[in-house]
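Dear colleague,

I am handing over the structure below, together with my notes on what was found in it. Please read the two side by side.

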Amino acid sequence: MILGVEVLHELRQALSFTVGMTWEILWALVLGFVLSAIVQALVPKQRVERLLPDDSPRSLAKATALGIASSSCSYASVALARTLFRKGADFTSAMAFELASTNLVLELGIVIALVLGWQFTLGEYVGGPLMIVFLAVLFRFFLTRRLVDEARAEAEQGRLGSMEGHAEMDMAVHGGGSFWQRLRSPDGFTATSHVYVMEWAAIWRDIAIGLFAAGALAAWVPESWWQSLFLTEHPTWSHVWGPIIGPLVAVLSFVCSVGNVPLAAFLWNGGISFGGVIAFLFADLIILPILDIYRRYYGLRMAAFLFATFGASMVAAGLVVGFLFDALGLVTQERNAKVESAGVAFTLGVTTWLNVIALGVSAVLVWRFFATGVGPMLRMMDEPMGEEHDHSHHEHHHGHAHAH
């Protein structure tokens with residue numbers, strides 16, 4: 001009986017943490033997704049693959065910029081990278097695009113700043129490009145022509161991953177006028193609402209799992225366990241160990257993109273090093289479900305190659321950022337990442353007002369989405385568009401936007 005009461009109490013505590021953290025980051029998520037939707041609605045994806053013909057610094061820089069302006073859903077970026085590769089983009093550039101779109105997007109930076117602090121956002125934005133450089137160097141040395149050809153042959157099979165349709169949807173507004181004019185036009189509003197709702201539909205599960213997993217860890221795993229895992233007793237070793245253990249924890253966490261941030265908060269409060277948090281946040285592209293998608297897309301050998309090279313780049317970037325920020329005195333000594341329980345969260349403060357505004361903005365965008373008659377698009381998110389009507393698909397969406 002006592003055991004049952006204990007479990008119930010801990011479950012209540014886990015749920016309380018989950019609700020509290022959700023409330024804490026809700027407005028930041030909405031702000032991030034709105035900004036991301038505006039960028040995606042006004043920056044057309046047309047013929048991206050032509051911009052990425054090789055692995056030169058110029059192509060990699062373009063891949064990074066295009067990644068930043070795309071969806072933050074890890075599954076969608078993995079699917080889009082394969083589409084780019086199949087249409088002729090260089091494999092290294094396609095992977096750089098993938099890394100940028102999950103690690104350097106606006107919404108991730110905003111949520112990291114709110115939950116962990118601005119130093120971590122800065123670490124993410126310094127480490128992301130470093131990781132892409134490390135990956136390009138590893139590919140230059142170890143990626144054989146034979147492996148790329150084998151991966152291309154596998155990619156041509158067109159096996160399904162996840163979020164295939166979402167990856168291929170281009171809902172951007174085309175046409176003249178400045179950025180602001182296009183944003184303020186009815187088409188701009190419609191396109192923004194479409195991207196916004198599709199982004200949430202693609203990623204809400206991961207965010208929910210991440211928040212609940214973080215709440216469960218807070219309730220069930222004692223802090224002493226984390227401290228021994230992260231070698232907090234040995235400051236020098238913990239600096240080196242953090243970026244190695246961080247990605248390994250991420251691989252097993254099954255959570256991608258923004259959903260990783262609440263978990264990172266627990267790892268930080270639990271004693272992992274600064275570089276370990278950064279490496280953990282980067283590792284959303286080698287979680288088990290995504291490794292399985294690599295296997296389906298490119299074959300087992302390339303999946304193993306991506307796991308090894310992505311993992312090594314993440315560890316290296318985490319180590320460099322950790323030591324660099326330490327040397328510059330940018331690592332905060334307090335381990336008080338925002339981990340609120342529900343009771344603390346629901347007070348009439350700034351967060352509550354920001355959330356009320358955020359929910360109002362969301363309601364308007366969701367209303368616009370359904371008012372323009374594109375509800376069925378939500379069902380198409382996991383279905384590929386099909387090569388043959390890839391071009392007509394773009395026209396179809398823009399026709400849709402203009403029709404309204």
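Aspartate 292 forms a salt bridge with arginine 295, with 2.8 Å between the closest N and O atoms, where a salt bridge is a side-chain nitrogen of Lys or Arg within 4 Å of a carboxyl oxygen of Asp or Glu. Because they are three residues apart in helix α15 (residues 288-298), aspartate 292 and arginine 295 are separated by about one helical turn. An α-helix has 3.6 residues a turn, so residues three or four places apart point the same way. Aspartate 292 counts as partly exposed at 30% relative accessibility, and arginine 295 counts as partly exposed at 39%; here buried means under 20% relative accessible area, exposed over 50%, and partly exposed in between, with a 1.4 Å probe and protein chains only. Asp292 and Arg295 also belong to a network of salt bridges that links them with Arg296.

Before going further, please note that this is a predicted model, in which local features need pLDDT of at least 70 and side-chain atom pairs count only at pLDDT 80 or more, while totals for chains, interfaces and linings use all residues. Residues are numbered from 1 along each chain as its sequence is written, and side-chain values use heavy atoms, with hydrogens and water left out.

Arginine 140 forms a salt bridge with aspartate 55, the closest N and O atoms being 3.1 Å apart. This pair links distant parts of the chain, since arginine 140 is in helix α6 (residues 118-142) and aspartate 55 is in the loop between α1 (2-42) and α2 (57-68), 85 residues apart. Arginine 140 is exposed, with a relative accessible area of 57%. Glutamate 156 pairs with arginine 86 in another salt bridge, whose closest N and O atoms are 3.8 Å apart. Glutamate 156 lies in helix α7 (residues 145-156) and arginine 86 in helix α3 (residues 74-86), so the pair ties together parts that are 70 residues apart in sequence. Glutamate 156 is partly exposed, with a relative accessible area of 42%, and arginine 86 counts as partly exposed at 24%.

As for the chain as a whole, the protein chain has 19 helices and zero strands, helices (H or I, at least four residues) and strands (E, at least two) being DSSP runs numbered from the N terminus. Buried residues make up 55% of its 404 residues. Of the contacts in the protein chain with a separation of 6 or more, 86% are accounted for by residues 24 or more positions apart, contact meaning heavy atoms within 4.5 Å.

Turning to helix packing, α1 and α18 pack at an angle of about 40°, with their axes 8 Å apart; the axes are lines fitted to C-alpha atoms, for helices over the stretch in contact, and angles run from 0 to 180 degrees between N-to-C directions. The two helices, α1 and α18, are therefore oblique to each other, given that angles under 35 degrees count as roughly parallel, over 145 as roughly antiparallel, 65 to 115 as roughly perpendicular and the rest as oblique. The contact involves, among others, Trp23, Trp27 and Val30 of α1 and Thr351, Asn355 and Ala358 of α18.

Valine 30 of helix α1 is buried, with a relative accessible area of 4%. Leaving aside neighbours within four places in sequence, valine 30 is in contact with Tyr196, Trp200, Ala358 and Ser362. The C-alpha atoms of valine 30 and leucine 354, which are 324 residues apart along the chain, are separated by 10.0 Å.

In α18 itself, the buried residues include Thr351, Asn355, Ala358 and Ser362. The 22 residues of α18 (residues 350-371) should span 32 Å at 1.5 Å a residue, and the end C-alpha atoms are 32 Å apart, which agrees; the expected span is 1.5 Å times one less than the number of residues. Glycine 373, which follows α18, has a positive phi near 70°.

Finally, valine 261 is found in helix α13 (residues 260-270) and is buried, with a relative accessible area of 0%. Not counting residues up to four places away in sequence, valine 261 touches Leu108, Val111, Ile112, Val115, Leu116 and Leu281. The C-alpha atoms of valine 261 and leucine 108 are separated by 8.1 Å, although these residues are 153 residues apart along the chain.
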